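Please work through the exercises below with the sequence and the coordinates open beside you.

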Amino acid sequence: MVRSNMSFISLTIALLISGWLGPTQVSASTPNEQMVCLDPGHQLYGNNALEQASPDSKEMKAKVTSGTRGVKTKKPEYVLTLEASLLLKGKLEKLGYNVVMTRETHDVDISNIERAQKCNDVQADLAVRIHADGDNSPKAQGISVLYPASSKGTQAFFAQSKEAAGVILNEAIAATGAVSRGIVPRSDLTGFNWSTVPSVLIEMGFMTNPEEDEKLSDTNYLNQLTNGMTTGINQILSSPADEPEVDAQSQVYLAAHSQLFEFTNGKMLRTQVALSPQLVQLSATKGDWGKVSTWIGDKWVYIGQGAYQVKPVDKQVVLSEDAPFYRTPSDMSPAGRLSTQKINVHGQWDEWYLIETWMGSMWISAWNVS
């Protein structure tokens, strides 16, 4: 059976009115869709071929250098940076972030411009470059976080990059007890100069310091360090929620996996727990956020996009022959079909009814019932 044109037109108009379709959706990710781009520094072989240091400069620099090496462990920097990045990726994904990496193996040839462009292409909410330091003195130690210096090319994301550098550094130091070398603006790094998204570069420590070199290859220490980095990234990408909390007794259908958030210091901070698509009861709202009662206490879910305000209904309807049902009202392909029969309806959004099937909660169009 072909989906009703009237039903589709009605849905399209409703989505346009609610802001779920149209140009505004493309420009920024929702709290449930945030993207982090990780760039593990260096690679198996450096590439000394030259590339433009910045889009508006004639200065040329090596495409990618070979990096440093552990003075005691003999571990190359490119190995350490990938180890740390993979740990960080896993921790961020537990918080529900989408994570893209510029490389996941050593034998690649990716220039610094290409690394920046990979993060630009996915419109990352934050690009995080992972490196380790080296120095002529074996006593040099500590963690620093670099960020793009203020310039015409970085105006759009300078402030956020600087703030991210400070927050991530503070959390990394708190997690490890390492020496802080502060946050440092840099105008000479190709990866920053070609970036169009907020970016930081974390120098995790000095591989030319025997003690710090050993620490960076210690599983427990690297776990602590990436825990701190994760906490910092999660804080900097938390969502402002300044609206007043309003009591509400309403139902919302979450059409996709939705992360649970903790409200703290005026912002929504991700937890490691997410809800599968389902109907939830709200006890309060804060703008585009809804409070739900869960097994880990009262938490918040984002209801600004991808959620349907459901009116409770308790009635029976008769389905037309071979009535299609959908996982969400915005789906174009049905999840299944039902033969003519009476069926209980327990929720309604616009011209859509929420029903229970052997596949769980599903939606049918009012055009298919009588």
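The model is predicted, so local features need pLDDT of at least 70 and side-chain atom pairs count only at pLDDT 80 or more, whereas totals for chains, interfaces and linings use all residues. Residues are numbered from 1 along each chain as its sequence is written, and side-chain values use heavy atoms, with hydrogens and water left out.

**Exercise 1. Determine how many residues of strand β6 are buried, and which strands it is joined to by bridges.**

Step 1. Helices (H or I, at least four residues) and strands (E, at least two) are DSSP runs numbered from the N terminus, and β6 covers residues 143-148. Buried means under 20% relative accessible area, exposed over 50%, and partly exposed in between, with a 1.4 Å probe and protein chains only; by this criterion 6 of the 6 residues of β6 are buried.

Step 2. In a regular strand the side chains alternate between the two faces of the sheet. In β6, one side carries Ile143, Val145 and Tyr147 and the other carries Ser144, Leu146 and Pro148, and all of these are buried.

Step 3. Two strands pair if DSSP finds at least two bridges between them. Strand β7 (residues 180-186) runs parallel to β6 and is joined to it by 5 bridges, while strand β8 (residues 199-206) runs antiparallel to β6 and is joined to it by 3 bridges. Val145 has a bridge partner in each of these strands, namely Ile183 in β7 and Ile202 in β8. The C-alpha atoms of Ile202 and Ile183 are 9.4 Å apart, and the two residues are 19 apart in sequence.

Step 4. Together with helix α5 (residues 158-176), β6 and β7 make a right-handed β-α-β unit, where right-handed means that, with the strands pointing away from the viewer, the path from the first strand over the helix to the second runs clockwise.

**Exercise 2. Which residues have the most contacts inside the largest nonpolar core?**

Step 1. A nonpolar core is a set of buried Ala, Val, Leu, Ile, Met, Phe, Trp, Tyr and Cys residues joined through side-chain atoms within 4.5 Å. The largest one has 38 residues, and Val128 and Ile233 have the most contacts inside it. Among the elements that give two or more residues to this core are β1 (35-40), β5 (126-133), β6, β8 and α8 (219-236), while α5 gives the most, with 7 residues.

Step 2. Contact means heavy atoms within 4.5 Å. Not counting residues up to four places away in sequence, Val128 touches Val36, Cys37, Leu38, Asp39, Val200, Ile202 and Ile233.

Step 3. Ile202, which counts as buried at 0% relative accessibility, touches residues including Val128, Arg129, Val145, Ile168 and Met229.

**Exercise 3. Locate the disulfide and state its handedness.**

Step 1. A disulfide is a pair of cysteine sulfur atoms within 2.5 Å, and a search of the whole structure finds 1. The disulfide joins Cys37 to Cys119, with an S to S distance of 2.2 Å.

Step 2. The angle about the S-S bond is -65°, and the link is left-handed. Cys37 lies in strand β1 and Cys119 in helix α4 (residues 112-121), 82 residues apart, so the pair links distant parts of the chain. Both Cys37 and Cys119 are buried.

**Exercise 4. Is Gln43 buried or exposed, and which polar contact does its side chain make with another side chain?**

Step 1. Gln43 is found in the loop between β1 and β2 (47-52), and because its relative accessible area is 0%, Gln43 is buried.

Step 2. A polar contact is a pair of N or O atoms within 3.5 Å; within protein, one must be able to donate a hydrogen and the other to accept it, and residues adjacent in sequence count only if both atoms are side-chain atoms. The side chain of Gln43 makes such a contact with the side chain of Asp109 at 3.3 Å, and a polar atom of the Gln43 side chain lies 2.9 Å from the backbone oxygen of Tyr45.

**Exercise 5. What is the phi of Gln123, and what is that of Asp322?**

Step 1. Most residues other than glycine have a negative phi. Gln123 has a positive phi of about 50°, and that of Asp322 is near 55°.

Step 2. Gln123 lies in the loop between α4 and β5 and counts as exposed at 53% relative accessibility. Asp322 is in the loop between β16 (307-318) and β17 (323-325) and is partly exposed, at 33%.
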